[in-house]
Amino acid sequence: MSYIPLEQHLPGITGLLEYRKDSGAPIRELTQILLRGESTLTAGERELIATVVSSRNECRFCTAAHTAAANILLENTDTVEAVKQDIDTAPVSDKLKTLLHIAALVQISGKAVTAEAITAAKQAGATDREIHDTVLIAALFCLYNRYVDGLATMTPTDPAFYEGLGQRLKQHGYNRLPQGYDHLKTKDNTLKSI
Amino acid sequence: MPHINLDNDLPGIRGLLSFRPETAGPMGQLANILLRDDEGISRAERELIATHVSYLNDCFYCHTSHGATACQYLNGDKALVDQVRKDYRNAPISEKLKSLITIAASVQKSGKAVTPGQIDDARRHGASDREIHDTVLIAAAFCMFNRYVDGLAAKTPMDLASYDARGRQIAEKGYGNHIFSTPQPVSI
């Protein structure tokens with residue numbers, strides 16, 4: 001049971017963003033810019049950064065949601081699993097590995113990011129903008145993960161829920177759905193995500 | 001020195017916001033909504049929660065900045081702000097605020113560290129759902145802001161009077177892109 005009353009048909013973050021829509025709007029906008037806006041990193045690469053941070057924060061809802069989004073955008077399921085296990089041996093570019101390492105340090109603390117980690121990223125070809133966005137995406141997911149778990153939101157266990165959510169994140173990004181979320185209400189209280 | 005070339009000499013998060021104004025916009029809006037809302041806990045209480053979380057994250061720029069803003073709302077009571085940083089349980093603040101800061105301190109560690117007992121305690125002291133929500137989100141937001149500032153090694157001014165000047169500016173005009181696009185306030 002969540003610590004505050006949230007819509008039963010909106011588990012995880014969605015119920016929170018709908019609970020206070022005025023704070024939800026800039027959080028959505030920031031996420032849309034960082035994960036889907038113009039960038040030299042692909043949307044799939046940016047979802048990997050979000051997934052690594054959520055996984056290390058042990059936030060089950062966010063990890064499952066962004067794993068699903070990354071799987072769809074990368075068109076395979078192996079990459080995200082490998083990145084969660086071990087960044088160094090995952091099948092991603094050397095540049096992305098250095099950025100994922102920076103994100104993993106940000107997850108611990110801003111102060112944990114070392115000059116060496118930044119130098120490694122620059123040597124692998126990362127730009128200042130890419131390093132900036134990596135740090136901010138990692139920091140943003142430290143917000144999301146704490147928001148979702150700090151209020152004990154519901155975490156669906158059905159994998160199909162997250163597959164649907166991944167599709168929604170591919171189609172609509174992080175914008176609020178234009179029609180809202182009432183269409184996800186079901187008569188038997190089963191959870192729909194799309 | 002910042003980890004990336006910001007192409008400006010602005011202090012703390014201001015230098016980062018100026019580097020990428022597109023992401024600065026929603027971050028400024030979020031700060032205004034969470035820290036300058038007059039429903040439930042006061043602006044001073046909201047800034048104190050932000051100060052305590054930033055102190056726990058050891059982010060000097062953030063805890064000094066938000067402490068200075070809190071001070072503006074508290075008739076300049078620096079001793080009170082400092083006690084909330086280091087020893088809020090014995091500070092002369094309401095039991096409700098203490099119970100909310102306890103929740104915020106758990107959020108700083110991990111979302112999972114918040115316990116039903118802490119939530120019950122806050123309710124017993126009169127906290128509403130909305131106040132509990134705002135406390136968790138303020139604490140979570142400062143786990144973002146603190147990591148953004150320190151993760152990019154933003155410039156940390158050592159001139160403490162400059163924090164008072166910026167705190168006054170925020171108390172008067174709020175957050176938003178003006179904090180990097182207009183001349184920096186001058187210390188009195």
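In this predicted model, 19 residue pairs are in polar contact across the interface of chain B and chain A, with both partners at pLDDT 80 or more. The largest share comes from α8(B), with 15 residues. By class, this side of chain B has 21 nonpolar, ten polar and twelve charged residues.

The contact draws 43 residues from chain B and 43 residues from chain A. Together the two chains bury about 3700 Å². Carbon and sulfur atoms account for 66% of that area. Within chain B, the residues that lose the most area to chain A are B:His3, B:His133 and B:Arg147. These three make up 18% of what the chain B side buries.

Charged pairs also cross the interface. Five salt bridges are found between chain B and chain A. In a salt bridge between B:Asp150 and A:Lys111, the N to O distance is 3.5 Å. Over all chains, the whole structure holds 27 salt bridges. A salt bridge within chain A joins A:Glu18 to A:Arg176, with the closest N and O atoms 2.7 Å apart. This pair links distant parts of the chain, 158 residues apart. A:Glu18 sits in helix α1 (residues 12–19) of chain A, while A:Arg176 lies in the segment after α9 (159–172) of chain A.

The structure contains four cavities of 30 Å³ or more. The largest cavity holds about 290 Å³ of space. Its lining has 22 residues, and those closest to the centre are B:Ile13, B:His66, B:Ile170, B:Tyr175 and B:Ile179. Helices α1, α2, α4, α8 and α9 of chain B each give two or more residues to this lining. The largest share, five residues, comes from α4(B). The lining of the largest cavity comprises 13 nonpolar, seven polar and two charged residues.

The second largest cavity has a volume of about 240 Å³. It is lined by 19 residues, with A:Ile13, A:Thr14, A:Leu17, A:Leu169 and A:Tyr174 closest to its centre. In chain A, α1, α4 (60–74), α8 (128–150) and α9 each supply at least two residues of this lining. Twelve of the lining residues are nonpolar, five are polar and two are charged.

The volume of the largest pocket is about 300 Å³. Among its 15 lining residues, B:Thr64, B:Lys78, B:Asp82, B:Arg85 and B:Asp164 lie nearest the centre. Two or more lining residues come from each of α4 (60–73), α5 (78–87) and α9 (160–173) of chain B. The largest share is that of α4(B), which gives six residues. The lining of the largest pocket has seven nonpolar, three polar and five charged residues.

The second largest pocket contains about 190 Å³ of space. Its lining has 13 residues, and A:Met1, A:Ser2, A:Gln8, A:Ala152 and A:Met154 lie nearest its centre. Eight of the lining residues are nonpolar, four are polar and one is charged.

Notes:
Residues are numbered from 1 along each chain as its sequence is written. Chains are lettered from A and ligands numbered from 1 in the order in which they are written. This is a predicted model: local features need pLDDT of at least 70, side-chain atom pairs count only at pLDDT 80 or more; totals for chains, interfaces and linings use all residues. Side-chain values use heavy atoms; hydrogens and water are left out. Contact means heavy atoms within 4.5 Å. Buried area is the accessible area (1.4 Å probe) that two parts lose on being put together, summed over both. A salt bridge is a side-chain nitrogen of Lys or Arg within 4 Å of a carboxyl oxygen of Asp or Glu. A polar contact is a pair of N or O atoms within 3.5 Å; within protein, one must be able to donate a hydrogen and the other to accept it, and residues adjacent in sequence count only if both atoms are side-chain atoms. Helices (H or I, at least four residues) and strands (E, at least two) are DSSP runs, numbered from the N terminus. Ala, Val, Leu, Ile, Met, Phe, Trp, Tyr, Cys and Pro count as nonpolar, Asp, Glu, Lys and Arg as charged, and the others, Gly among them, as polar. On a 1 Å grid over the protein atoms alone, a cavity is a set of points where a 1.4 Å probe fits but cannot get out, and a pocket is an open set with protein on both sides within 12 Å along at least five of seven lines; lining residues have an atom within 4 Å of a point. Grid points are joined across faces, edges and corners, and a volume is the space filled by probe spheres set on the points.
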